[in-house]
Amino acid sequence: MYIPADKKKSKSFEGYTLIVPAVSVGNVGQLAADLLISTMWLERCGFIYHDSILPLVGNDPYAHPEADVCKLVTACEVYESKLHQLVIIQQRAPFVKGKMSSFRRWLTSWVKENKFEKLVILSSMHAHERLDIQLQGPQFRYISTPDLEAENKERFTHDVLKWIPLEGRPSLEDPEGSLYLPGGGIAKSLFEDCSKENIPAIVVLVFCAEGDNAQDAVKLAYNLNLWMDLIDFKPKYDLDGKTIIKPASTWRVPSSWRLLFGTAVDQTLFH
Amino acid sequence: MATFFGEILPVISRAVDDDDDDESFENLETYVKIKWKKEAQEEMELTKDKKLQVNAFVLAVGPAATGFTQTYVTHKNYEIIGAMFCGMKEDDVNTFGQMSPTDKTCYIYRKCDYPSALVCECNYDIRPEYAHSFVNQLMSCLNLCEGHVVIFGSTFTSEYKSDVPTSDMNPPFMRALKTASFLGTPMAPYLEQPNVATGLPAQMLTYCHIHKLNAVLYMCYTDSIHLDFATLKTFQPLIESTPVKYMREENKKASETLKKIVDLHTKHSTLYM
């Protein structure tokens, strides 16, 4: 269930966009969500407490590395930006095996209950499953429900974005080509659930392999930002026409990304 | 994926494919069962919300944490009022009779002269998948609104990531995390990013955090596979932590008890004796 951080403030998410990362290959969706939350300095507005997510606690992942305070983070939290009418879920722990459909059911009902305008699913796909034509060129793809596709067709095909829809795979059931997202976590089934429930949804993904996936996350976040206009990296004039504001010069990497490969090797090994 | 030596290995990925729902954990909600002694159940029936009023709660998870609480907290003036069982059916009978520190049990103790102080010593290896059910069942019987919670756990230094090499950290060492409602300062440094705690201790702390309870988690990082004296000693200063200091009495035989516990664990681990 969703538990607001501050029960006194009644919150309405009507008309907001919900960004959900899928636990996918390289954890790219979750890393991209981290970048968005960190760079936009988003505030946590609530928690998701569900028996389908394994437990996890830690110290503040977005704090300064030298900070010596304790701001607890749990397995699945919700961040919001009133300015951008945006809510981002960040999931830090894997699903319990067999419980993913239970979570999907809860999530789709939560989306409808809160009247979110659209759902953006961040995901990734196994690079070794690419078709020949996908081996070269941009590694970013999207797939969206027909209503979002119609609404955004011009933007997606525009020179600035040049987004490529994910190529379908012909299968025995569907010779035309159906959605094939190996390694994408719940992205495919969540997208299909949304299509059935008439929730406007879009899956954005990159092809990648497991490893240091920070750059894949940057690619995903960068493309999403081009479409949704969330962070402006270029300096620009303020409303008065004189003051220059520079919201961010680059993506702000959270301190939780440190030590990707663990503790440094103990040099006493080599004595 | 082909390796450098030419062998083909399966690709390991944390991404779980959708069709994984076929394998599922057996009876998530019913595998862990809480059973209370008759007197405790009767007490719960008498209260407005059918819960025991608790002002001080200690959850000890694992042999090191339970060894500590058995030596310094529950050794005197405590009675068993309940237990958690794994894999038991509703009508199975159990006498709460297994009392050795190394037995796989999970008993809930209450202080005889301070009835709102409870200690849960969990020596079971509760899998993270069952942690949600464990905490929900336990918390559905306890009213902790005004209370203090402390959680003791232990894990290996191999799980700990830092700039400093592990040998320089002088294991075993203690780290802490606290909920926002807890306004004091824990008796150990905060667990630094990117380290996290998982499993039952994490589930309990999450529950406390979400429900705005005062709670602290103390996690001992040890490099010893089996319980040893040094690990138990690392917990020792925590007898002054809130609320443990209000729930315990002096144990003059503490060193002997600790030695007995370590010996019991060592019996299973030595190859050559």
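Trainee: How many residues of chain B are in contact with chain A?

Mentor: 50 residues of chain B, against 52 residues of chain A; contact means heavy atoms within 4.5 Å.

Trainee: And what area is buried between them?

Mentor: About 4,200 Å², with carbon and sulfur atoms giving 57% of that. Buried area is the accessible area (1.4 Å probe) that two parts lose on being put together, summed over both.

Trainee: How many salt bridges across the interface?

Mentor: The rule finds one, taking a side-chain nitrogen of Lys or Arg within 4 Å of a carboxyl oxygen of Asp or Glu. R258(A) pairs with D163(B), and the closest N and O atoms are 2.9 Å apart.

Trainee: Which elements of chain B give two or more residues to that side?

Mentor: Helix 3 (128-139), strand 9 (173-178), strand 10 (196-198) and helix 4 (199-210) of chain B. Helices (H or I, at least four residues) and strands (E, at least two) are DSSP runs, numbered from the N terminus. Helix 4 of chain B gives the most, eight residues.

Trainee: Switching to strands. Which strand of chain A is joined to strand 10 of chain B?

Mentor: Strand 4 (residues 56-58) of chain A, through three bridges, running antiparallel. Two strands pair if DSSP finds at least two bridges between them. V57(A) has A197(B) as its bridge partner there, and T74(A) as its partner in strand 5 of chain A.

Trainee: So what is the strand order in the sheet?

Mentor: 5(A)-4(A)-10(B), an open sheet of three strands with antiparallel pairing. Strand 5 (73-74) of chain A and strand 10 of chain B are the edge strands, each pairing on one side only.

Trainee: Last one. Where in chain A is confidence lowest?

Mentor: In strand 11 (residues 236-237) of chain A, at a mean of 64, whereas strand 2 (residues 17-21) of chain A is highest at 97. pLDDT is the predictor's confidence in each residue, from 0 to 100. Chain A averages 90, and 96% of the residues score at least 70. Where pLDDT is low, the predicted coordinates should not be read in detail.

Note on methods: Residues numbered from 1 in each chain as written. Chains lettered and ligands numbered in written order. Predicted model: local features only at pLDDT ≥ 70, side-chain atom pairs only at ≥ 80, totals over all residues. Heavy atoms only, no water.
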